[in-house]
Amino acid sequence: MPKWSLLGLILLGLMFNVADFMRFDLISGSTKCISDDIKTNSMTVGKYSVVNLNEGVPIPDSHMLTVRVSSPRGNTYHNADHVDSGQFAFTAVESGDYITCFWAPEQKPPGAVTVEFEWRSGVSSKDWSKVAKRGQIEVMEVELKKLYDTVISIHDEMFYLREREEEMQKLNRDTNAKMATFSFLSLGVCLSVAGLQLWHLKTFFERKKLL
């Protein structure tokens, strides 16, 4: 394999193994939702926690969260009330945008809750350290397995994007066909109205004996 091709695959592997880790502030009484486009049969794992700015002091009730993870069709995969941390894991049964929403209770005066959230899907959702430890295999073999899974993930992603593209093209064709039909109907209505107006004017002038 050429050197640059191998380098490209390694870079792709690194790109596909980056987890979505974020830290954000949530104002009391507000909701923040985060979405991720996940393919069918892809594994996804998430972990969240409230950042305790006062170490050694328990997190107050005003900083507890309500967390809900839902599918594109509105099915709930994770629902937790009044928690300061938690995690979820599931295999997607439908393709599309999965949404994780965080809600902080109202408090007076309004405050902010700092949340750390890590969401991984596909190849990045696997815990490769456990795989290496369980199998007692070399680091290079683990990297090759990760690279192989990354290539498979890229292959599946390409087919998924191709299917989405075909769906969008079909939607565009259907929309164009409907617009063309609507245009012809509009033209027919306009011509009919013009014809009725001419007939009405002709009848009016004949009745007044102006023609």
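Visitor: What percentage of residues 179–199 is helix, and how far apart are the end C-alpha atoms?

Guide: Helices (H or I, at least four residues) and strands (E, at least two) are DSSP runs, numbered from the N terminus. Residues 179–199 are 100% helix and 0% strand, with 30 Å between the end C-alpha atoms. The model is predicted: local features need pLDDT of at least 70 and side-chain atom pairs pLDDT 80 or more, while totals for chains, interfaces and linings use all residues. Residues are numbered from 1 along each chain as its sequence is written, and side-chain values use heavy atoms, without hydrogens and water.

Visitor: Which feature does UniProt place at residues 179–199?

Guide: The unreviewed UniProt entry gives "transmembrane region" for residues 179–199. UniProt positions follow the numbering used here, feature names are shortened, and annotations may be inferred rather than shown by experiment.

Visitor: Which cysteines does a disulfide join?

Guide: A disulfide is a pair of cysteine sulfur atoms within 2.5 Å. Here cysteine 33 is joined to cysteine 101, S to S 2.0 Å. The pair links distant parts of the chain, 68 residues apart: cysteine 33 lies in strand E2 (residues 31–38) and cysteine 101 in strand E7 (residues 96–103).

Visitor: In what order do the four strands form the open sheet?

Guide: Strands of a sheet pair through backbone hydrogen bonds, either parallel or antiparallel. Two strands count as paired if DSSP finds at least two bridges between them. The order here is E2-E7-E4-E5, with antiparallel pairing. E2 and strand E5 (76–83) are the edge strands, each pairing on one side only. Five bridges join strand E4 (residues 65–70) to E5.
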